[in-house]
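Q: I have a model open beside its sequence, and I would like to learn how to read it feature by feature. Could we go through it together?

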Amino acid sequence: VDFRADNPNHSTLPSIDDYEPLIGSETADRIRGKAEKLRDLHIVNVNSTYYGGGVAEILSSLTLLMNGAGIRTGWRVIQGRPDFFSVTKRMHNALQGGEIYFSDLKQDIYEEVVFENAARMHLDHDVVIVHDPQPLPLIDHFRKKAPWIWRCHVDLTKPDPKLWEYLSGFVERYDAVVVSLPEYAQKISTPQRFIMPAINPFSTTNKDLTEDEIDDRLRHYDIPTDLPLVVQISRFDKWKDPQGVIDAFNIARKQVDATLVLVGNIATDDPEGQEIFESLCSSREERIRILSVQDSAFVNALQRRAAVVLQKSLREGFGLTVTEAMWKGAVVIGGNVGGIKHQIEDGVNGFLVDNVQDAAEQIVRVLKAPELRATVGAQARETVRSKFLMTRLMEDWLDLISSFEA
Ligand code: UDP
């Protein structure tokens, strides 16, 4: 069956043309040329959740843009029971520097569920891109005829050595590994490549909104707008340090009055989210709003209306929320870790902080200087325009894939 991308009764696929006013015709033509050369390929991406978290956000846009450019690019999601995702979340935590007791039982659950997925997946594509540790062992179950690429999105600054040793048994079978930054490179024989993620400026999360649309979304969730908004938008995850955000806000409030809004969603592959959300709610105060919802338009509205956006992560492979907020000209205060260090240039297009006290001081400084939104915010938007739009990500992938075709 042929997919009718040009069905006049429906919306059309996104295309490089949409980005041309933002990236210029020279860049657009170059990317079109690279895409043209790969038109015959059939590519598949495999990850572990359809929504919640940056990987799903990237795949939902990138796969459509690739199809819009004429390259058949699919997206499969592995299925697993909560016990599987409980094991993989522990692995994720240990890769980011936490500890894990990786028992034989956990290993069996992990490998068995991936085997079951492999049996149903029929991966006979020209390029297979596997995202993050959850589906990593898939490669064990195929006679490999095409390049397989493992794309690991986590902050690999200091992975648990034993767990890494176990996982590297799978990783070594891949033809390439892609991580976000050179400092995440590991001692493995597989060639490693570095590609930073990017955002879709036309998605519900990022597209322009009118003031009325912003008001409407904020009213819907009863967000008070009488005082400046301090906002963090993140899955409820210890690495996002939501408690640190609350502590910093409480210190800052001794000097400036504001409302804190913490918004998070709970991904299907993240079983810790609900528990962390509930533990935060128990310490609720009048000027602190904590919401668990999946509403991209609300995320968009908050990032646009916020006086300051926090992303006080302790580990962060690459913070899409940082780039999303910067695209809206927000002043972002980010944790001085992982990808955020490459997204924010301290004092130029945002601010980096090392601890709760730093964050509190920076919140006060930004709230007392509303003119920063124009200066720092403009730099922030320009950074995203030049480095972090989806077309740049697509071009990086086209370059990597064509290196296998050569
Ligand atoms: N997000 C969302 N709703 C929320 C929290 C996050 O839609 O309540 C989106 C957010 O806009 C971003 C992604 O989820 O696109 C999170 O990506 P990021 O890289 O910041 O963190 P990750 O969850 O992948 O660690």
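**Reading the ligand shell and its surroundings**

A: Sorted by class, the shell around the ligand holds four nonpolar, 10 polar and three charged residues, where Ala, Val, Leu, Ile, Met, Phe, Trp, Tyr, Cys and Pro count as nonpolar, Asp, Glu, Lys and Arg as charged, and the others, Gly among them, as polar. This is a predicted model, in which local features need pLDDT of at least 70 and side-chain atom pairs count only at pLDDT 80 or more, while totals for chains, interfaces and linings use all residues. Residues are numbered from 1 along each chain as its sequence is written.

Q: Which of the 17 residues around the ligand come nearest?

A: A residue is near a molecule if its C-beta atom, placed from the backbone, lies within 6 Å of it. Of the 17 residues around the ligand, those that come nearest are Gly 53, Gly 54, Glu 57, Asn 265 and Leu 320.

Q: Which helices and strands each supply at least two residues of this shell?

A: Helices (H or I, at least four residues) and strands (E, at least two) are DSSP runs, numbered from the N terminus. Helix 3 (54-68), strand 8 (259-264), helix 10 (296-305) and helix 11 each supply at least two residues, and the largest share, three residues, comes from helix 11.

Q: Is helix 11 mostly covered or mostly open?

A: A residue is buried if 20 or more other C-beta atoms lie within 10 Å of its own, exposed if 12 or fewer, and partly exposed in between, with C-beta atoms placed from the backbone. Helix 11 is mostly covered, since eight of its eight residues are buried, among them Leu 320, Glu 324 and Trp 327. Just after helix 11, Gly 329 takes a positive phi of about 75°.

Q: How is the packing of helix 11 against helix 14 described?

A: Two packed helices are described by the angle between their axes and the distance between the axes. Axes are lines fitted to C-alpha atoms, for helices over the stretch in contact, and angles run from 0 to 180 degrees between N-to-C directions. For helix 11 (residues 320-327) and helix 14 (residues 372-387), the axes come within 7 Å and cross at roughly 115°. Two residues are in contact if their C-beta atoms, placed from the backbone, lie within 7 Å; here Thr 323, Met 326 and Trp 327 of helix 11 meet Ala 380, Arg 381, Thr 383 and Val 384 of helix 14. By class, this contact has four nonpolar, two polar and one charged residue.

Q: Which residues have a positive phi without being glycine?

A: Most residues other than glycine have a negative phi. His 122, with a phi near 50°, is one case, and Asp 241, with a positive phi of about 50°, is another. His 122 sits in the loop between helix 5 (104-121) and strand 3 (127-131), and it is exposed because 10 other C-beta atoms lie within 10 Å. Asp 241 is in the loop between strand 7 (229-233) and helix 8 (242-252), and counts as buried because it has 25 C-beta neighbours inside 10 Å.

Q: What does UniProt place at residues 221-382?

A: UniProt positions are given in the numbering used here, feature names are shortened, and annotations may be inferred rather than shown by experiment. An unreviewed UniProt entry places the feature "domain: Glycosyl transferase family" at residues 221-382. Over that span the chain is 41% helix and 17% strand, and the end C-alpha atoms are 31 Å apart.
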